[in-house]
Amino acid sequence: MENLFLINEEEKNRILNLHESATKRHYLSEQPMLDLGQPSQPEIGPQLLQNTSGTMVKQGIPPDPYVYAKMGNNYYYSKDTDTDTPNWTLAVKEKAINAIKSKIFNQEIPVNKTIIPPKKEDDKKKTIIPKKEDDKKKTDKVDKTKVNKVILSPFINPKFKSKIDVSKLSTTDSVKIFSALPNTDCAQFVNDFDDSRAKILNAWTAHDVPSVGDTIFSSFTNLNSDQIDDVTDLWKDINSDSKGKGNTYSSEVAKLVSSIVPKTPRVSLKLNDVVGLFYPGSKHHEEAFYEAGKRFFRKNMVGMTVNGETIKKGIGWGMNTHVGIVGAIDNGVPIVFHNIGGQVYADPYNNIKGGSRIAWVKRA
């Protein structure tokens, strides 16, 4: 009788378990599972270096706890497990992809840029060539042009655009830019300069003319109770006396309006904004104040002049005497073009000729 090697049931199960574990850890199954419908979690068999059906799987070098897969141009990684369906994660970050390429699959990483090594001391000395005086002047001129970024309004009438020398514009100082047509007032100049909107009539009525644009900012539409009393009392005095035909109240009007208008507008200016200006040197303070305010008052049943409902709410009229337009942006600084007595100035918004200040802004 041949000798038989007998094992009990417990020993048999132990050997089978060892064999099954080894199979899962070290051999590729005959039919690797790959769910093409879920590219971020392909199901691939055991985790040793293999290459089957276009899919390569590698075990990380201990103590690396991950396994890695390459499927086409995509790379995946997963915590090593005893199962044949790891929870794969698609590598999407460039650093992770390059690390898996080079360290796991031994692929070369393309060089994105060339690093120039430092020059030797002798080479540095050779490259320093003193410039001629003429060359320095040319370089300075080019650099200045690059820094000077001026954007002109696209709506400037061509006859005025050709007169604008952008090199003369300043972000700090008032500049005489060109002459206006003879006998042209400030409002007429804005009408002629801008081809995009209807006529704005005159400086002190433009504040309340809808066709000029939407009111983005106004010093006169949020008056407090004291300011309401001051402007209505002064207007009634003028109405009872000169009716805006003289200069008796000019200094008083100028002082009051100056107290209402801030040093700078509480809004960022854009190209082609029309701006109402408080111009201290104007000869029209009394006239402008009175004429623009007429429609804010009414007669009561006994014929007395009383405040209208609008001014009672603190919504006043345009009390400015001057008007201009943002015709350019010079290195981020809005430049206001305006006409005083036939001379057109191009001024930074915060330093306008004669100490003028922006009282309101309308945008088309």
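The structure is a predicted model. The protein chain has 364 residues, of which 38% count as buried, and its secondary structure comes to ten helices and 15 strands. Of the contacts in the protein chain with a separation of 6 or more, 63% are between residues 24 or more positions apart.

**Helix H7**

- Helix H7 runs over residues 225-240, and its end C-alpha atoms are 23 Å apart. This agrees with the 22 Å that its 16 residues should span at 1.5 Å a residue.
- The N-terminal end of H7 is capped by Asn-224, which places a side-chain oxygen 3.1 Å from the backbone nitrogen of Asp-226.
- The residues Gln-227, Ile-228, Val-231, Thr-232, Leu-234, Trp-235, Ile-238 and Asn-239 of H7 are buried. They lie on the same side of H7, because the arc they cover around the axis is only 165 degrees.
- Ser-225, Asp-226 and Ser-240 are exposed, on the face of H7 turned away from its buried side.
- The cover over the buried residues of H7 includes helix H8 (250-260) and H9, together with strand S10 (297-299), strand S11 (305-307) and helix H10 (309-312).

**Packing of H7 against H9**

- Two packed helices are described by the angle between their axes and by the distance between those axes.
- For H7 and H9, the angle is about 100 degrees and the axes are 10 Å apart. H7 is therefore roughly perpendicular to H9.
- From H7, the contact is made by Val-231, Leu-234, Trp-235, Ile-238 and Asn-239. From H9, the contributing residues are Glu-286, Phe-289, Tyr-290 and Gly-293.
- Val-231, Leu-234, Trp-235, Ile-238 and Asn-239 are also among the buried residues of H7.

**Helix H8**

- In H8, the buried residues are Ser-250, Val-253, Ala-254, Leu-256, Val-257 and Ile-260. Viewed down the axis of H8, these buried residues fall within an arc of 165 degrees, so they line one face of the helix.
- The other side of H8 carries the exposed residues Ser-251, Lys-255 and Ser-259.
- H7, S9 and H9 are included in what covers the buried residues of H8.
- Glu-252 also belongs to helix H8. Glu-252 counts as partly exposed, because its relative accessibility is 45%.
- Glu-252 and Leu-234 are 18 residues apart along the chain, and their C-alpha atoms are separated by 8.5 Å.

**His-285 in helix H9**

- His-285 is located in helix H9, which comprises residues 285-293.
- His-285 has a relative accessibility of 4% and therefore counts as buried.
- The side chain of His-285 reaches two backbone oxygens: that of Tyr-279 at 3.3 Å and that of Pro-280 at 3.2 Å.
- When neighbours within four places in sequence are left aside, His-285 is in contact with Ser-250, Val-253, Ala-254, Phe-278, Tyr-279, Pro-280 and Thr-321. Among these partners, Ser-250, Val-253 and Ala-254 are buried residues of H8.

**The loop between H8 and S9**

- Lys-263 lies in the loop between H8 and strand S9 (274-278). Its relative accessibility is 77%, so Lys-263 counts as exposed.
- Lys-263 and Gly-355 are 92 residues apart in sequence, while their C-alpha atoms are 9.7 Å apart in space.
- Asn-272 is also placed in the loop between H8 and S9. At 8% relative accessibility, Asn-272 counts as buried.
- Although Asn-272 is not a glycine, it has a positive phi of about 75 degrees.

**The loop between S12 and S13**

- Asn-331 is found in the loop that links strand S12 (322-330) and strand S13 (333-340).
- The phi of Asn-331 is near 50 degrees, which is a positive value in a residue other than glycine.
- The relative accessible area of Asn-331 is 40%, so this residue is partly exposed.

Conventions. Residues numbered from 1 in each chain as written. Predicted model: local features only at pLDDT ≥ 70, side-chain atom pairs only at ≥ 80, totals over all residues. Heavy atoms only, no water. Helix = DSSP H or I, 4+ residues; strand = E, 2+ residues; numbered from the N terminus. Buried < 20%, exposed > 50% of the residue type's maximum accessible area, 1.4 Å probe, protein only. Polar contact = N/O pair within 3.5 Å; in protein donor to acceptor, adjacent residues only side chain to side chain. Contact = heavy atoms within 4.5 Å. Expected span 1.5 Å × (residues − 1). Arc of directions from axis to C-beta. Axes fitted to C-alpha atoms, helices over the stretch in contact; angles between N-to-C directions. Parallel < 35°, antiparallel > 145°, perpendicular 65-115°, else oblique.
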